[in-house]
Amino acid sequence: MNEEQFLKKMDVALKKLPDAERLDMLNDFREHFAIGKEEGKTEEEIANNLGTPNQIAKELLATYYLEKVDDVSTTGNILRAVWAVIGLGFFNLVIVLGPFIALVVVLLTGWVSAVAFIATPLMVVANLAIYPDSFQYFDLFFSIALAGLGLLLAIGMVYATRFISTGFVRYLNYNVKLVKGGLKHG
């Protein structure tokens with residue numbers, strides 16, 4: 001594979017990135033080829049030493065999205081980073097997707113519980129509107145206590161969501177470094 005073929009494949013594989021980022025990465029590889037040629041290597045030798053353009057592009061995409069999550073930690077950025085890390089290989093499908101689904105279920109359960117607890121006084125009022133004879137003070141006070149517990153749970157879920165998402169992004173970074181290290185030594 002010569003330089004032009006290599007860069008075309010890289011360009012296609014990096015099409016998900018913004019143009020400025022993609023062109024910057026391609027320029028880095030052009031420089032790498034130029035330096036290799038100055039050292040007397042052929043374009044084919046340089047391309048073979050670099051590896052496959054698709055695998056390099058996958059690593060670059062994963063690194064880009066993880067850096068983006070470090071800058072702005074939104075749900076969309078985290079999902080893109082998870083998807084990019086999973087794309088590094090089949091191994092990551094099991095190692096990344098399994099814990100990600102488990103953590104999403106835990107967070108979703110906590111948030112649904114908090115919202116349900118907070119909404120219990122509304123349920124008592126709705127029950128009172130439908131069945132006026134079934135009103136009991138115990139239901140009212142218990143629903144108010146549950147609403148308070150729901151507020152505390154919601155506050156706890158804010159911190160838990162931040163902690164879990166930060167920890168999971170660190171896990172993704174570790175996974176990418178592990179894959180890159182494995183490829184360098186493999």
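The largest nonpolar core has 33 residues. Phe6, Met10, Val82 and Leu172 have the most contacts inside this core. A nonpolar core here is a set of buried Ala, Val, Leu, Ile, Met, Phe, Trp, Tyr and Cys residues joined through side-chain atoms within 4.5 Å. This is a predicted model: local features need pLDDT of at least 70, side-chain atom pairs count only at pLDDT 80 or more, and totals for chains, interfaces and linings use all residues. Residues are numbered from 1 along each chain as its sequence is written, and side-chain values use heavy atoms, with hydrogens and water left out.

- Helices (H or I, at least four residues) and strands (E, at least two) are DSSP runs, numbered from the N terminus.
- In soluble globular proteins, nonpolar side chains tend to be buried together.
- Met10 touches Leu26, Phe29, Pro53, Ile56, Ala57 and Leu60, not counting residues up to four places away in sequence.
- Contact means heavy atoms within 4.5 Å.

**Salt bridges**

- The structure holds six salt bridges.
- A salt bridge is a side-chain nitrogen of Lys or Arg within 4 Å of a carboxyl oxygen of Asp or Glu.
- One of them joins Arg22 to Asp11, with the closest N and O atoms 2.5 Å apart.
- That pair links distant parts of the chain: Arg22 is in helix α2, Asp11 is in helix α1, and they are 11 residues apart.
- Arg22 counts as buried because its relative accessibility is 13%, whereas Asp11 is partly exposed at 29%.
- Buried means under 20% relative accessible area, exposed means over 50%, and partly exposed lies in between (1.4 Å probe, protein chains only).
- Arg22 also forms a salt bridge with Asp19, with the closest N and O atoms 2.6 Å apart.
- Asp19 and Arg22 both lie in helix α2, three residues apart, about one turn of the helix.
- Leaving aside neighbours within four places in sequence, Arg22 is in contact with Asp11, Leu14, Lys15 and Leu17.
- The side chains of Lys37 and Glu43 meet in another salt bridge, 3.1 Å from N to O.
- Lys37 is partly exposed at 38% relative accessible area, and Glu43 is partly exposed at 25%.
- Salt bridges that share partners join Glu3, Lys37 and Glu43 into one network.

**Aromatic rings**

- The structure holds eight aromatic pairs.
- Among them, Tyr64 and Tyr65 are edge-to-face, at 5.4 Å centre to centre with 65° between the planes.
- Rings of Phe, Tyr and Trp (its six-membered ring) pair if their centres lie within 6.5 Å; planes under 30 degrees apart count as stacked, over 60 as edge-to-face and the rest as tilted.
- Tyr64 is buried, with a relative accessible area of 13%, and Tyr65 is buried at 10%.
- Phe135 and Tyr137 also pair edge-to-face, at 5.2 Å centre to centre with 75° between the planes.
- Phe135 is partly exposed at 33% relative accessible area, whereas Tyr137 is exposed at 57%.
- Phe6, Phe29 and Phe33 form one aromatic cluster.

- His32 is found in helix α2 and counts as partly exposed at 41% relative accessibility.
- His32 and Leu50 are 18 residues apart in sequence and 9.3 Å apart in space, C-alpha to C-alpha.
- Not counting residues up to four places away in sequence, His32 touches Ile46 and Leu50.
- Asn175 is found in helix α8 and counts as buried at 3% relative accessibility.
- Not counting residues up to four places away in sequence, Asn175 touches Val85, Asn92, Ile95 and Val96.

**The nonpolar surface patch**

- Trp111, Leu152, Ile155, Val158 and Tyr159 make a nonpolar surface patch of about 510 Å².
- Patches are made of residues with over 30% relative accessible area and no salt bridge: like charges are joined within 9 Å, nonpolar side chains (Val, Leu, Ile, Met, Phe, Trp, Tyr) within 5 Å.
- Accessible areas come from the Shrake-Rupley method with a 1.4 Å probe; for residues, only the protein chains shown count as cover.
- Helix α8 (residues 137-185) gives the largest share of the patch, four residues.
- Tyr159 lies in helix α8 and is exposed, with a relative accessible area of 56%.
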